[in-house]
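Biologist: I have a structure to go through with you. Can we take it piece by piece?

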Amino acid sequence: MSNMILELFMTTMKEYIRFAKQLPYDSINTSTYKEQDYVAIQTRLMLIRKFITKGDNVYFEDIINESISRFPSDKNEFTDMLKKFTDIFSKSFEQILSDGTKLDLPQSIKDIIYGLYLHADEKRIINLSKTSGFLRFFVCLQFISDLEPVLISLYEKLEELGVVCISEMKHTVGPVVYLGDTNNSDHNIKKSPYWQNLRGKDGTTNDILEAMSNYSEDELKIYLKGYMFLTLLSKGTVDPKEYKQILFKHNFSDWGDFSKAIKYYKNINKPSISSYIEFFEDGKCAKMKVLENFDNIAIINEPHMLGRGHVITFIKENNDWFVFAFGGTVNPFKP
């Protein structure tokens, strides 16, 4: 068994809890249920499968055994969790199908998981046709209501003991998603090694000027305002007068003394402004990205996804463009 087993459990449980928080359900009213309750329970069932299946990397009993091995002083607490887990599967339960077939709890749960969701197993789907949708939901509801607290208690205990998730590593080369024709472009970015996965090539100032020569009037105004804005931030300028012609006047006070914006910008490693401008809200707003880790100008003509990046949001007023926000993506017309 991998010595990363607890970290695997923590990582996958963190994702499970993320779903669970967004999918609450009514555990009291079992005489009827809403569609959202059904989806919440069945989604949990699909995510829980790996914790209840022997041989899977995060099977609960294996997690408990590894936990005891690493933290022997907490053996009694882990043993108690294991007992709660095994009691769920050994409790008195029998589902009788319309043809008289008798199923225990594990069999009933497996019919749902492997019939409806994972394998489309014919025999299991036939079994499901011999019971009612309500009874099927009730089985899942009782199972999840019993099991989820046990899983979460183990997650919280391991977190308390300092076991961490496997987090996104610090990248020396940037991960990207390429959305163009893989036969038409090459990886020729050499002077910004962090972005060597991009399909493009090294560029010069002349390339930028050439791109700008094809800008519309709006694009040119946006690019220049963005460039002026970042120049002020890079200099640490805090004089409000310097920003008056750049920032949108109706939320100007939101910037305060500009110290937060300056700090944010200076924390971006080797920032580079993108020449690509995206319009939205019927052309009344626009955004452009500030990308990290560029040592040199790069020409990228093919579509990529580079992560969220840092976004300058612009808004149009009186035929001119002004910076509305800097950081994450925002919509000036939506709260």
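This is a predicted model: local features need pLDDT of at least 70, side-chain atom pairs count only at pLDDT 80 or more; totals for chains, interfaces and linings use all residues.

Biologist: What volume does the largest cavity have?

Modeller: About 60 Å³.

Biologist: Which residues line the largest cavity?

Modeller: The lining is Gln95, Leu97, Leu103, Ser108, Asp111, Ile112, Asn127, Leu128, Thr131, Arg136 and Val139. By class, that lining divides into five nonpolar, four polar and two charged residues.

Biologist: Which helices each supply at least two residues of that lining?

Modeller: α5, α6 and α7 (133-160) do. The largest share, three residues, comes from α5.

Biologist: Now the open space. How much is in the largest pocket?

Modeller: About 1,400 Å³ of space. The lining of the largest pocket has 46 residues. Ile273, Ser274, Ser275, Tyr276 and Leu291 lie nearest the centre of the pocket.

Biologist: What classes of residue make up the lining of the largest pocket?

Modeller: There are 26 nonpolar, 11 polar and nine charged residues in that lining.

Biologist: Which elements each supply at least two residues of the pocket lining?

Modeller: Helices α8 (205-213) and α9 do, along with strands β6 (272-280), β7 (285-291), β8 (298-299) and β9 (304-305).

Biologist: Let's stay on α9. How far apart are its end C-alpha atoms?

Modeller: They are 27 Å apart. Helix α9 covers residues 217-235, which is 19 residues.

Biologist: Which residues of α9 are buried?

Modeller: Glu219, Ile222, Tyr223, Lys225, Gly226, Phe229, Leu230, Leu232 and Leu233.

Biologist: What follows α9?

Modeller: Gly236, with a positive phi near 75°.

Biologist: Where is Ala120 found?

Modeller: In the loop between α5 (105-118) and α6 (122-129). Ala120 has a relative accessible area of 54%, so it is exposed.

Biologist: And where does Lys270 lie?

Modeller: In the loop between α11 (259-266) and β6. Lys270 counts as partly exposed because its relative accessibility is 41%.

Biologist: What about Pro271, where is its place?

Modeller: Pro271 is also in the loop between α11 and β6. With a relative accessible area of 31%, Pro271 is partly exposed. Pro271 and Val39 are 232 residues apart in sequence and 43 Å apart in space, C-alpha to C-alpha.

Biologist: Switching to cysteines. How many disulfides do you count?

Modeller: Zero disulfides. The rule asks for a pair of cysteine sulfur atoms within 2.5 Å.

Biologist: Is Cys285 buried or exposed?

Modeller: Buried, because its relative accessibility is 0%. Cys165 is partly exposed, with a relative accessible area of 23%.

Biologist: Now the whole protein. How many helices and strands are there?

Modeller: There are 11 helices and 11 strands. The radius of gyration is 28 Å, well over the 20 Å that the globule rule gives for 335 residues, so the protein is more spread out than a compact globule.

Biologist: What does the C-alpha trace span along its principal axes?

Modeller: About 80 × 50 × 45 Å.

Biologist: Last one. What share of the residues is buried?

Modeller: Buried residues make up 40% of the 335 in the protein.

Conventions:
Residues are numbered from 1 along each chain as its sequence is written. Side-chain values use heavy atoms; hydrogens and water are left out. Buried means under 20% relative accessible area, exposed over 50%, partly exposed in between (1.4 Å probe, protein chains only). Helices (H or I, at least four residues) and strands (E, at least two) are DSSP runs, numbered from the N terminus. The expected span of a helix is 1.5 Å times one less than its number of residues. On a 1 Å grid over the protein atoms alone, a cavity is a set of points where a 1.4 Å probe fits but cannot get out, and a pocket is an open set with protein on both sides within 12 Å along at least five of seven lines; lining residues have an atom within 4 Å of a point. Grid points are joined across faces, edges and corners, and a volume is the space filled by probe spheres set on the points. Ala, Val, Leu, Ile, Met, Phe, Trp, Tyr, Cys and Pro count as nonpolar, Asp, Glu, Lys and Arg as charged, and the others, Gly among them, as polar. The radius of gyration is taken over C-alpha atoms; the globule rule is 2.2 Å times the number of residues to the power 0.38.
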